[in-house]
Amino acid sequence: MTAPPPGPGVVRRMLDLLGVPGTGPQTSIDGRDDRQVGRAFTVGEPILPSPEADALGVTSWTTQPRVCADGGSLGPLTVRAASAVGRRHARVGTSREDAYAITPAAGGVVVAVADGVGSADARFSAVGAQLAVVEACRLVSAALDNRWRIVADDLCRQIGTAMMDGAGRFVPEEFDHRSLSTTLTVAWVSTGGAFGGFRVGDGELFTLTAAGLQPAGPGGSGDFTETAALPGSWSVAEEFSGRLQPGSALVVVTDGLSVPMRSPEVADHFTHRWRDAPTVVEFLHDISFDRRGEADDRTAVCVWFRTEDGDR
């Protein structure tokens with residue numbers, strides 16, 4: 001058996017060390033009953049493993065751990081969130097630049113995902129991404145709790161200001177707004193199933209039903225050469241809204257997942273795995289598949305809406 005490769009494969013080796021049970025490699029998507037948590041599995045064309053491509057990273061105030069995951073429930077809503085470093089960063093030991101945050105709010109939950117812009121100018125984008133999701137959840141939950149009207153551009157300006165104010169606690173040298181650049185997608189889901197939100201950049205969201213994944217956010221913005229990002233691009237926020245049907249889910253992802261999700265193989269993988277809310281560890285495992293050509297960080301937050309009679 002070939003050793004698991006770096007990147008998302010790092011997740012599986014860490015789970016092995018934690019003693020998560022598994023009995024062998026998983027190579028199919030025939031149903032959740034065969035999920036071998038902590039074991040290698042491939043969706044689509046397999047990657048070529050490289051034992052030299054798994055560099056040890058540095059823990060600091062300006063980096064993030066390779067993986068993180070969380071979850072919980074609020075009334076009929078069940079939330080799962082996970083983020084995993086991609087092979088592009090794992091092979092050289094640099095930080096994961098994705099981040100997520102989740103928080104309860106009046107009548108529902110708020111979730112956010114961010115993808116730090118991977119450019120030379122954005123050298124502290126991991127810090128920017130983490131600040132953006134935390135501040136977004138804080139400000140949106142406060143608005144919902146106080147029944148304030150949410151205006152996306154105004155809120156993004158506040159998030160950007162909070163990012164610039166907060167970064168000095170972590171960044172040990174001079175910085176500007178470009179060095180913190182990150183995309184941001186924020187959604188709030190009510191216990192009645194209604195959802196709304198906004199995005200800056202290329203994050204995407206989907207609704208998930210038994211029939212599969214369907215786009216639920218703003219349409220594509222066409223050809224572009226530069227991704228909109230906070231804290232600078234606060235005036236270009238795109239808003240969205242909709243309603244979940246009982247038994248369905250809202251899936252919010254960074255482009256490390258939205259790009260492969262365009263393929264039928266990956267879309268079927270998630271439709272199969274997430275027909276019901278998995279455990280937090282299973283959710284992390286589910287985004288950690290191997291696939292040729294996919295080397296970016298991956299982050300997903302999923303909110304299932306279940307009523308007492310809301311089975312699919």
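Q: What span does helix α3 (residues 125-145) reach from its first C-alpha to its last, and what is expected at 1.5 Å a residue?
A: Helix α3 has 21 residues and reaches 30 Å, close to the 30 Å expected, where the expected span of a helix is 1.5 Å times one less than its number of residues. Helices (H or I, at least four residues) and strands (E, at least two) are DSSP runs numbered from the N terminus, and the protein holds 7 helices and 11 strands. This is a predicted model, in which local features need pLDDT of at least 70 and side-chain atom pairs count only at pLDDT 80 or more, while totals for chains, interfaces and linings use all residues. Residues are numbered from 1 along each chain as its sequence is written, and side-chain values use heavy atoms, with hydrogens and water left out.

Q: What makes α3 mostly covered?
A: Of the 21 residues of α3, 15 are buried, a term for under 20% relative accessible area, with exposed meaning over 50% and partly exposed lying in between (1.4 Å probe, protein chains only). In the protein, buried residues make up 52% of the 312 residues.

Q: What makes the pair of Trp61 and Phe170 tilted?
A: Rings of Phe, Tyr and Trp (its six-membered ring) pair if their centres lie within 6.5 Å, and planes under 30 degrees apart count as stacked, over 60 as edge-to-face and the rest as tilted. A search of the whole structure finds 7 aromatic pairs; in one of them, Trp61 and Phe170 lie 6.2 Å centre to centre with 45° between the planes, and this pair is tilted. The pair links distant parts of the chain, with Trp61 in the loop between α1 (8-17) and β1 (67-74) and Phe170 in the loop between α4 (152-167) and β5 (182-190), 109 residues apart. Trp61 counts as exposed at 68% relative accessibility, whereas Phe170, at 26%, is partly exposed.

Q: Why is the pair of Trp274 and Trp304 called edge-to-face?
A: The ring centres of Trp274 and Trp304 are 6.4 Å apart and their planes stand at 80°, so the pair is edge-to-face. Trp274 lies in the loop between α6 (264-273) and α7 (280-286) and Trp304 in strand β11 (residues 298-305), so that parts 30 residues apart in sequence are tied together. Both Trp274 and Trp304 are buried.

Q: Which residues do ring pairs link into a cluster with Trp274 and Trp304, and what lies over the face of Phe289?
A: The cluster joins Phe270, Phe283 and Phe289 to Trp274 and Trp304 through ring pairs. Arg298 lies over the face of Phe289 at 4.1 Å from the ring centre, where a charge sits over a ring if NZ of Lys or CZ of Arg is within 6 Å of the ring centre and within 35 degrees of the ring normal. Phe270 is also among the buried residues of α6, as are Val266, Ala267, His269, Thr271 and Arg273.

Q: How do you know that β1 and strand β2 (residues 77-84) pair?
A: Two strands pair if DSSP finds at least two bridges between them, and 8 bridges join β1 to β2, which run antiparallel. Ser73 has Thr78 as its bridge partner in β2, and in the hairpin, with 2 residues between the strands, Gly75 takes a positive phi near 55°.

Q: Where in the protein is confidence lowest, and where is it highest?
A: By pLDDT, the predictor's confidence in each residue from 0 to 100, the lowest mean is 47, in α1, and the highest is 98, in strand β10 (residues 249-253). Over residues 10-33 the pLDDT is below 50, yet this stretch has 68 contacts in the model beyond near neighbours in sequence, a contact meaning heavy atoms within 4.5 Å. Residues 221-225 also stay under 50, and for them the model has 0 contacts beyond four places in sequence. Where pLDDT is low, the predicted coordinates should not be read in detail.

Q: What makes the peptide bond from Leu230 to Pro231 stand out?
A: The bond is cis, with omega near 10°, and Pro231 has its place in the loop between β8 and β9 (238-243).
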